[in-house]
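Trainee: I would like to learn how to read a protein model. Could we take it feature by feature?

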Amino acid sequence: MIGRLNHVGVATPSIDESVKMYRDILGATHIGEKFALPEQGVHVCFVDVDNSQIELIEPYDENSPINGFLKTNPSGGQHHVCYEVDDIHVARDEMIAKGVRVLGEPRIGAHGTLIIFLHPKDMGGVLTELMERPEAAH
Ligand code: CO
């Protein structure tokens with residue numbers, strides 16, 4: 001069912017500071033602009049690497065869903081992985097049928113396509129995002 005790894009989500013208290021690390025220490029050359037995704041409670045910035053992306057996420061406000069993670073991991077850390085799927089509703093139904101807890105309804109994610117999150121306790125401890133593959137890549 002799962003397609004390619006689309007991105008690895010990394011929570012950070014400061015996208016600006018993280019960007020410096022990816023640019024100046026790791027030498028990343030393709031780093032997008034930071035943008036707000038208020039409905040998801042985060043600011044986002046994509047760091048492109050050769051075969052995937054790092055999705056930097058920073059809290060948007062005090063209600064951000066990643067505030068708890070950053071409380072436990074004050075300097076940030078690896079937060080989730082995201083795999084592409086052909087159809088998010090088919091994927092959701094399949095996950096539910098297999099007993100996996102799906103967190104919320106399909107909603108528009110940072111790439112502008114539908115996403116869902118799967119409970120880490122049903123995913124070997126990994127918060128897992130499924131993302132409908134962008135049209136262009138079908
Ligand atoms: Co993500």
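Mentor: Start with accessibility. A residue is buried under 20% relative accessible area, exposed over 50%, and partly exposed in between, using a 1.4 Å probe and protein chains only. Glu94, at 25% relative accessibility, counts as partly exposed. Two ground rules come next. This is a predicted model, where local features need pLDDT of at least 70 and side-chain atom pairs count only at pLDDT 80 or more, while totals for chains, interfaces and linings use all residues. Residues are numbered from 1 along each chain as its sequence is written, and side-chain values use heavy atoms, with hydrogens and water left out.

Trainee: Which residue forms a salt bridge with Glu94?

Mentor: First, the rule. A salt bridge is a side-chain nitrogen of Lys or Arg within 4 Å of a carboxyl oxygen of Asp or Glu. Here the partner of Glu94 is Lys98, with the closest N and O atoms 2.8 Å apart. Lys98 counts as exposed, because its relative accessibility is 58%.

Trainee: How many salt bridges does the rule give?

Mentor: The count comes to 10 salt bridges. One of them joins the side chains of Lys34 and Glu58, at 3.9 Å from N to O. Lys34 lies in the loop between strand 2 (30–31) and strand 3 (35–37) and Glu58 in strand 5, so this pair ties together parts that are 24 residues apart in sequence. Lys34 is partly exposed, at 37% relative accessible area. Glu58 is buried, at 12%.

Trainee: What are helices and strands in this numbering?

Mentor: They are DSSP runs, numbered from the N terminus: helices are H or I with at least four residues, strands are E with at least two. Now take another salt bridge. The side chains of Arg101 and Asp122 meet at 2.9 Å, N to O. Arg101 is in the loop between helix 3 (88–97) and strand 7, and Asp122 in the loop between strand 8 and strand 9, so the pair ties together parts 21 residues apart in sequence. Arg101 is partly exposed at 43% relative accessibility, and Asp122 is partly exposed at 26%.

Trainee: Which residues are linked in a network of salt bridges?

Mentor: Arg4, Glu84, Asp86 and Arg133 are linked in that way.

Trainee: How do I read strand pairing?

Mentor: Two strands pair if DSSP finds at least two bridges between them. Look at strand 1 (residues 5–11). Strand 1 is joined to strand 6 (residues 77–85) by six bridges, and the two run antiparallel. There, Val8 has Val81 as its bridge partner. Strand 1 also pairs with strand 5, over five bridges and in the parallel sense. Ala11 has its partner Ile57 in strand 5.

Trainee: Is strand 1 mostly covered or mostly open?

Mentor: Mostly covered: six of the seven residues in strand 1 are buried.

Trainee: What do strand 7 and strand 8 form?

Mentor: They form a hairpin, with five residues between them. Gly112 in the turn has a positive phi of about 85 degrees. Four bridges join strand 7 (residues 102–108) to strand 8 (residues 114–118), running antiparallel. Leu103 pairs with Phe117, and Ile108 with Leu114. Strand 8 also runs antiparallel to strand 9, with four bridges. There, Leu118 stands opposite Thr128.

Trainee: Which residues are the protein donors of the cobalt ion?

Mentor: The idea first. Donors are N, O and S atoms within 2.8 Å of the metal (3.2 Å for Na, K and Ca); water is not among the atoms, so sites may look incomplete. Here the protein donors are His7 (NE2), Glu55 (OE), His80 (NE2) and Glu129 (OE), at 2.0 to 2.2 Å from the cobalt ion. Glu55 lies in strand 5 (residues 52–59) and Glu129 in strand 9 (residues 128–132), so this pair ties together parts 74 residues apart in sequence. Both are covered: Glu55 is buried at 5% relative accessibility, and Glu129 is buried at 4%.

Trainee: What is the geometry of the cobalt site?

Mentor: Learn the classes. Four donors count as tetrahedral if all angles lie between 85 and 135 degrees; four count as square planar and six as octahedral if opposite donors are over 155 degrees apart and all others between 65 and 115; anything else is irregular. The four donor atoms of the cobalt ion make angles of 84 to 169 degrees, and the site is irregular.
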